[in-house]
Amino acid sequence: MTRLHECGAPGCKEAVRNSHVMCRPHWLRTPRHLRDAINSAWADRRLEDWSAAILEARTWHTANSPGALAARIIGEKL
Ligand SMILES: [Zn+2]
């Protein structure tokens, strides 16, 4: 049986296989350097770097969610 967890992007409820960090759309939106950092940290089993890179990706998604971008354009804080 495949184990599932929620997508790592804040507010996303998509079920993701345990071997993946985020659902495919969120993963593809994650900046390349963060995806590379997550993948290489995982490959080397550097778990502290891995979780730090995931936290950075989550922060990026929070700042770049459609709602946050719209709020920035109309000058409102979330
Ligand atoms: Zn997602």
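A nonpolar core is understood here as a set of buried Ala, Val, Leu, Ile, Met, Phe, Trp, Tyr and Cys residues joined through side-chain atoms within 4.5 Å. In this predicted model, the largest such core has 13 residues, and C7, V21, M22 and I38 are those with the most contacts inside it. Two elements, α2 (32-43) and α3 (47-63), each give two or more residues to this core. Of these, α3 supplies the largest share, with 3 residues.

The zinc site comes next. Four residues coordinate the zinc ion at 2.0 to 2.3 Å: C7, C12 and C23 through SG, and H26 through ND1. Along the chain, these donors follow the spacing C-x4-C-x10-C-x2-H. The angles among the 4 donor atoms run from 100 to 119°, and the site is tetrahedral. Because buried means under 20% relative accessible area, C23, at 8%, counts as buried.

As for the chain as a whole, its secondary structure comprises 4 helices and 2 strands, arranged from the N terminus as β-β-α-α-α-α. The C-alpha trace spans about 45 × 25 × 20 Å along its principal axes. Of the 78 residues, 29% are buried. The chain exposes about 5800 Å², with 56% of this area supplied by carbon and sulfur atoms. Among contacts between residues at least 6 apart in sequence, 24% join residues at least 24 apart.

Conventions: Residues numbered from 1 in each chain as written. Predicted model: local features only at pLDDT ≥ 70, side-chain atom pairs only at ≥ 80, totals over all residues. Heavy atoms only, no water. Donors = N, O, S within 2.8 Å, 3.2 Å for Na, K, Ca; no water. Tetrahedral: all angles 85-135°; square planar, octahedral: opposite > 155°, others 65-115°. Buried < 20%, exposed > 50% of the residue type's maximum accessible area, 1.4 Å probe, protein only. Contact = heavy atoms within 4.5 Å. Areas by Shrake-Rupley, 256 points an atom, 1.4 Å probe, with all protein chains shown as cover.
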